Amino acid sequence: MAVVLAPLPIVLTLLLVIAAVLPWGGPDWSEMALALLPVSAVYFWSLRRPHLMPALAVFALGMALDVLSHHPLGVWTSAALLAALAGRLARRARPGYGWARSALNVVAVLSLVTGFVGVLLSAYAWAWAPARLMGEALLAACIAYPVLAGLLSLVETAWPVAEDRPLFLRGD
Amino acid sequence: MTKLLDPDAYRRDAWPPLPGVSRRVHDPLVFGALIAVALGLVVASKLEAAIVGVARTAVQDAASPVLRRSQMAARPALEMGRMMADWRTLAETNARLRDENERLRGWEARARLLEQQTSALNEMVRVVAEPQVGFATARVISGAGGPFVRSGLLDAGRDHGLKAGYPVMSAQGLAGRVLTVGTQSARILLVTDYNSRIPVVIGKDAARAVMQGDNGPLPRIAYLPRDSAIQPGDDVFTSGVGGLFPRGLRVGTVVDTGDALRIEPVVRFDRLDYVSVLFFEPISASLADEERAIEARASTLKRLGPSWPTSAEGGVAR
């Protein structure tokens, strides 16, 4: 059962990628905010179950987001990799964190990712990315994160507590 | 079982580190290398490497059936969102439509009269009828937006007769043009995109200008002659200059934002569902094709040598 569930985080993140590029018709900032959702999911899984979100999968998910959202290849890929790395580094010191510190971590990581994407796109287009749009998208993504994390936590309960190694490498 | 309950398991790294690499630097090393690769791809995209375009189109083609089904699955949620947005402005919209209806009734009679006059004048001066342009209607299966992108993905491509450069219309007016085409999908560039430049005519005096997208909802008016007197409410149509778009496609109206006059597109991009792609061959492209064909023919003649019949001998006309 656990082996069957192993690709679930990647599949769920891929669904978020697809949802992010559907024509929802929201305000200007909503498309950027939607693109931040799969990145938030990558951060969540890298923090909680990194063996289920390997680096190459993050790379592939980021590429899918780049291609489908018609951004220059590599922009969202590097952003997703950055979020995954941040999740893994935060995980090392995680026990003992309160909710306030975790929330600050999320805001810091999403700000880092949004800023990084803004700088990359500004350099690419040789024009400043609109700060207001980026700020609104960041705010929306920060507000959406607890809901997303709550839903993903429900999925996470499918695995035994503290199961840590790659399920397909267990050998026992 | 003991292992499963190990409280420190949460703290351990998931993957065994690379041989000779300590656990502490393993993740930064692997992720750093992949980020470097991703940044390399950004540079390749900037340099417009051909392989990037080919790969992008191939992935879009492969993903288009999934996106089509996903859009259909998400449709109820999408419609609900739109209904809620409409509900808030229902009374206001109703009053506006009633006013508009009154005005349009007056215009209808006048338009019929003008139509009769125009066709009579055309008859008199023997105007050559413009060729009918074919079209294909496709669904927008993906929207894409960001600080510098305003585009969409259509579920029709080369197999349906689409080509890069074709104008894209919604029921209201010009929405954009086809940017890249795959076999089953096509990427369109919306008129509000940062890279969109459309030659237009504005108002009764048909002042020529260029509508310049800046990713905002109201594109700019550029290259407008100093002496032109345009004002808020003036209609904006494509001018046909440059041959990229046919003349007379409705684009929008002039609005005053307080600090400048801008163009408000007639198309509601938040409601872009089905669009029609006009099979209008850009004149510059057809001229370029012709030029290429002539050059190719000339080089073939040169290669074959003087023994090959020339146009003067009635064999091959250039």
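In the predicted model, helix α3 of chain A passes helix α5 of chain A in a right-handed crossing. The two helices, α3(A) spanning residues 28–48 and α5(A) spanning residues 75–92, pack at an angle of about 35°, and their axes lie 7 Å apart. On the side of α3(A), the contact is formed by A:M32, A:A35, A:L36, A:V39, A:V42, A:Y43, A:S46, A:L47 and A:R48, while α5(A) contributes A:W76, A:A79, A:A80, A:A83, A:A84, A:A86, A:G87, A:R88, A:A90 and A:R91. Classified by residue type, this contact comprises 14 nonpolar, 2 polar and 3 charged residues.

Among the residues through which α5(A) meets α3(A) is A:R91, whose relative accessible area is 3%; because this value falls under 20%, A:R91 is classed as buried. The side chain of A:R91 reaches the backbone oxygen of A:L47 at 3.3 Å, and A:L47 is itself one of the residues that α3(A) brings to the contact between the two helices.

B:D27 is located in helix α1 of chain B, which covers residues 23–46. With a relative accessible area of 5%, B:D27 is likewise buried.

Note on methods. Residues numbered from 1 in each chain as written. Chains lettered and ligands numbered in written order. Predicted model: local features only at pLDDT ≥ 70, side-chain atom pairs only at ≥ 80, totals over all residues. Heavy atoms only, no water. Helix = DSSP H or I, 4+ residues; strand = E, 2+ residues; numbered from the N terminus. Buried < 20%, exposed > 50% of the residue type's maximum accessible area, 1.4 Å probe, protein only. Polar contact = N/O pair within 3.5 Å; in protein donor to acceptor, adjacent residues only side chain to side chain. Axes fitted to C-alpha atoms, helices over the stretch in contact; angles between N-to-C directions. Left-handed = near helix turned anticlockwise from the far one by under 90°. Contact = heavy atoms within 4.5 Å. Nonpolar A, V, L, I, M, F, W, Y, C, P; charged D, E, K, R; others polar.
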